[in-house]
Amino acid sequence: MSGTHPAADDPAGWFERVYAEGAGGRRAMPWDQAGPFGMLREWARVREVRGGGRRALVVGCGLGRDAEFIAGLGFDTDAFDISATAIRTARSRFPDSSVRYQIADLLNPPPEWDAAFDLVVESHTVQALPEPLRSEAIANVGPMVRPGGTLIVFAAVHDAAAVPSQGPPWPLTRTEIDAFAAAAGLVPVDIEELEDPDGPPVHRWRAEFRRPESDQA
């Protein structure tokens, strides 16, 4: 996606143009995967994640593969993207889905989502935003986790020795990963740098946070 940049004053327009060009055949459909993100699938397997009817939210759901996976684990699942084309495509691909796909903006999430979800999945969404939008988006993710709930974050790892990225994406620093917890009083469970076994040779963050049960949001 390098060479195309979301304008700081119009991030919604950039994402919509990218998906619309994909839907129109003018480029490969962005972030179009045959199945859920492999590191999400592996995390759920190792943690033996089961929804049991609890609520989950998938941030920046794109075409819906991760959201369908989370719903398949038994979660009552909401999924959103800022791109109307992405949401329309996800709904058409999964016409019988139980997932509630909707258009929403991470920079201005619906107030009813505050402390509403037992599981929030953020996979490579905020890294597609330039500053200062990236910091704003990071600060808005954690508060959507309810007391006792979990946030799982996946993102490319910033390499301080590499040539600075012109983005997108803008790989995340450890400071940015830690910032997911700061706005909502989340505590880290496990933060790792892992080599992505399914993609090009790149290291990714897998960061799991939990909101304490005693947090009266």
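Modeller: Let's start with a word we'll need all the time: buried means under 20% relative accessible area, exposed means over 50%, and partly exposed is in between, using a 1.4 Å probe and protein chains only. We're looking at a predicted model, so local features need pLDDT of at least 70 and side-chain atom pairs count only at pLDDT 80 or more, while totals for chains, interfaces and linings use all residues. Residues are numbered from 1 along each chain as its sequence is written, and side-chain values use heavy atoms, with hydrogens and water left out.

Colleague: OK, why is Phe-37 called buried?

Modeller: Its relative accessibility is 16%, and the cut-off is under 20%, so Phe-37 counts as buried. Across the protein chain, buried residues make up 49% of the 217 residues.

Colleague: What makes up the secondary structure of the protein chain?

Modeller: Six helices and seven strands. Along the sequence, the pattern reads α-α-β-α-β-α-β-β-α-β-α-β-β.

Colleague: Why is the pair of Phe-37 and Phe-154 called edge-to-face?

Modeller: Rings of Phe, Tyr and Trp (its six-membered ring) pair if their centres lie within 6.5 Å; planes under 30 degrees apart are stacked, over 60 edge-to-face and the rest tilted. Here the centres are 5.3 Å apart and the planes are at 75 degrees, so Phe-37 and Phe-154 are an edge-to-face pair. A search of the whole structure finds three aromatic pairs.

Colleague: What does the pair of Phe-37 and Phe-154 tie together?

Modeller: Phe-37 sits in the loop between helix H1 (11–23) and H2, and Phe-154 is in strand E5, so the pair ties together parts that are 117 residues apart in sequence. Phe-154 is buried too, at 0%.

Colleague: How do you know what kind of pair Trp-113 and Phe-117 make?

Modeller: Their ring centres are 6.0 Å apart and the planes are at 75 degrees, so this pair is edge-to-face. Trp-113 is buried at 4%, and Phe-117 is buried at 0%. Together with Phe-80, they form one aromatic cluster.

Colleague: What makes a nonpolar core, and which residues of the largest one touch the most other members?

Modeller: A nonpolar core is a set of buried Ala, Val, Leu, Ile, Met, Phe, Trp, Tyr and Cys residues joined through side-chain atoms within 4.5 Å. The largest one has 34 residues, and Val-120, Leu-151, Ile-177, Phe-180 and Phe-209 touch the most other members. Strand E1 (55–59), E4, helix H5 (133–141), E5, helix H6 (174–182) and E7 each supply at least two residues of this core. There's also a second, separate core of 25 residues, which includes Met-39, Trp-43, Cys-61 and Tyr-101.

Colleague: What does Phe-180 touch?

Modeller: A contact means heavy atoms within 4.5 Å. Leaving out residues up to four places away in sequence, Phe-180 touches several residues, including Glu-122, Ile-138, Leu-151 and Phe-209.

Colleague: Which residues of H2 are buried, and what covers them?

Modeller: Gly-38, Met-39, Leu-40, Trp-43 and Ala-44 are the buried ones. Their cover includes helix H3 (65–72), E4, E5, strand E6 (187–195) and E7. Just after H2, Glu-48 takes a positive phi of about 50 degrees.

Colleague: And which residues of H3 are buried?

Modeller: Asp-66, Ala-67, Phe-69, Ile-70 and Ala-71. Just after H3, Gly-74 has a positive phi of about 100 degrees.

Colleague: Why is Gly-148 called buried?

Modeller: Gly-148 has 12% relative accessibility, so the residue counts as buried. This glycine lies in strand E5. Not counting residues up to four places away in sequence, Gly-148 touches Arg-210, Arg-211, Pro-212 and Glu-213.

Technical notes:
Helix = DSSP H or I, 4+ residues; strand = E, 2+ residues; numbered from the N terminus.
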